[in-house]
Amino acid sequence: MKKGFSFLEILIVIGLIGVFTYIAMISFASKPDVKIQLQNFTTQLIDDLRFVRQNSIILKSARSLTFVSIEQSDTYTSYNFSNEKGAVVERVFPEGLTLTPSTTVLTFDRDGNLIGTEATLTLTMAPYSATIKINSLGFIEVQGP
């Protein structure tokens with residue numbers, strides 16, 4: 001009777017250890033999915049737009065959401081708005097996100113209507129993009145990831 005493992009058994013065990021190690025390295029080293037990051041930020045922005053609109057209706061006064069850019073450039077880094085108590089809330093864009101707004105200040109009147117014409121916001125995190133359209137009545141439509 002022989003004692004020990006055969007060469008084939010040792011190769012199979014080493015192969016399985018290698019596969020499990022590779023899977024573990026990938027799962028620990030991977031970045032969050034870009035598409036999911038864009039979806040999450042788009043959802044957050046839509047929720048904040050709805051909050052500002054609802055606040056303008058509830059408080060019966062105009063409320064705004066403003067996109068903040070780096071000085072003298074078209075590169076936006078965050079947006080801010082006032083909550084129901086008047087405190088400023090700021091949301092910073094995730095790394096790699098670019099915004100192309102048709103206007104930098106979105107203001108809703110006391111009835112929740114968007115002041116001005118329809119606004120379009122395009123959010124891009126290569127290779128994905130999402131478009132948010134706000135009509136003059138303040139209704140929001142989303143196209144994207």
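Author: A residue is called buried when its relative accessible area is under 20%, exposed when that area is over 50%, and partly exposed in between, for a 1.4 Å probe and protein chains only. The model discussed here is predicted: local features need pLDDT of at least 70, side-chain atom pairs count only at pLDDT 80 or more, and totals for chains, interfaces and linings use all residues. Residues are numbered from 1 along each chain as its sequence is written, and side-chain values rest on heavy atoms, with hydrogens and water left out.

Reader: Why does Phe41 count as buried?

Author: The relative accessibility of Phe41 is 8%, and the limit for buried is under 20%. Phe41 is therefore buried. Phe93 is buried as well.

Reader: How do you know that the pair ties together parts that are 38 residues apart in sequence?

Author: Phe41 lies in helix α2 and Tyr79 in strand β2, so the pair spans that separation. The named elements are DSSP runs, numbered from the N terminus: helices are H or I with at least four residues, strands E with at least two.

Reader: Why is the pair of Phe41 and Phe93 edge-to-face?

Author: The ring centres of Phe41 and Phe93 are 5.2 Å apart and their planes stand at 80°, so this pair is edge-to-face. Phe93 belongs to the loop between β3 and β4, which means that parts 52 residues apart in sequence are tied together. The structure holds 7 aromatic pairs, and ring pairs link Phe41, Phe51, Phe67, Tyr76, Tyr79, Phe81 and Phe93 into a cluster.

Reader: What makes the contact between Arg91 and Asp48 a salt bridge?

Author: A salt bridge requires a side-chain nitrogen of Lys or Arg within 4 Å of a carboxyl oxygen of Asp or Glu. Between Arg91 and Asp48 the N to O distance is 2.8 Å, so the pair qualifies. By this rule the count comes to 1 salt bridge. Arg91 lies in strand β3 (residues 88-92) and Asp48 in helix α2, 43 residues apart.

Reader: Are these two partners buried or partly exposed?

Author: Arg91 has a relative accessible area of 27% and is partly exposed. Asp48, at 5%, is buried.

Reader: What is meant by the largest nonpolar core, and how many residues has it?

Author: A nonpolar core is a set of buried Ala, Val, Leu, Ile, Met, Phe, Trp, Tyr and Cys residues joined through side-chain atoms within 4.5 Å. The largest one has 25 residues, and Leu45, Leu49, Phe67, Leu121, Ile132 and Ile134 have the most contacts inside it. Helix α2 gives the largest share, 6 residues.

Reader: How do you know that Ile132 is buried?

Author: Its relative accessibility is 0%, so Ile132 counts as buried. Ile132 lies in strand β7. With contact meaning heavy atoms within 4.5 Å, and residues up to four places away in sequence not counted, Ile132 touches several residues, including Thr42, Leu45, Leu49 and Leu121. One of these, Thr42, sits in helix α2 and is buried at 5%.

Reader: Why is Lys60 called partly exposed?

Author: Lys60 has a relative accessibility of 43% and so counts as partly exposed. Lys60 lies in the loop between α2 and β1, and its phi is near 55°, a positive value in a residue other than glycine. Most residues other than glycine have a negative phi, and most peptide bonds are trans.

Reader: Which peptide bond is cis?

Author: The bond joining Ala126 and Pro127 is cis, with omega about 5°. Pro127 is placed in the loop between β6 and β7.

Technical notes. Rings of Phe, Tyr and Trp (its six-membered ring) pair if their centres lie within 6.5 Å; planes under 30 degrees apart count as stacked, over 60 as edge-to-face and the rest as tilted.
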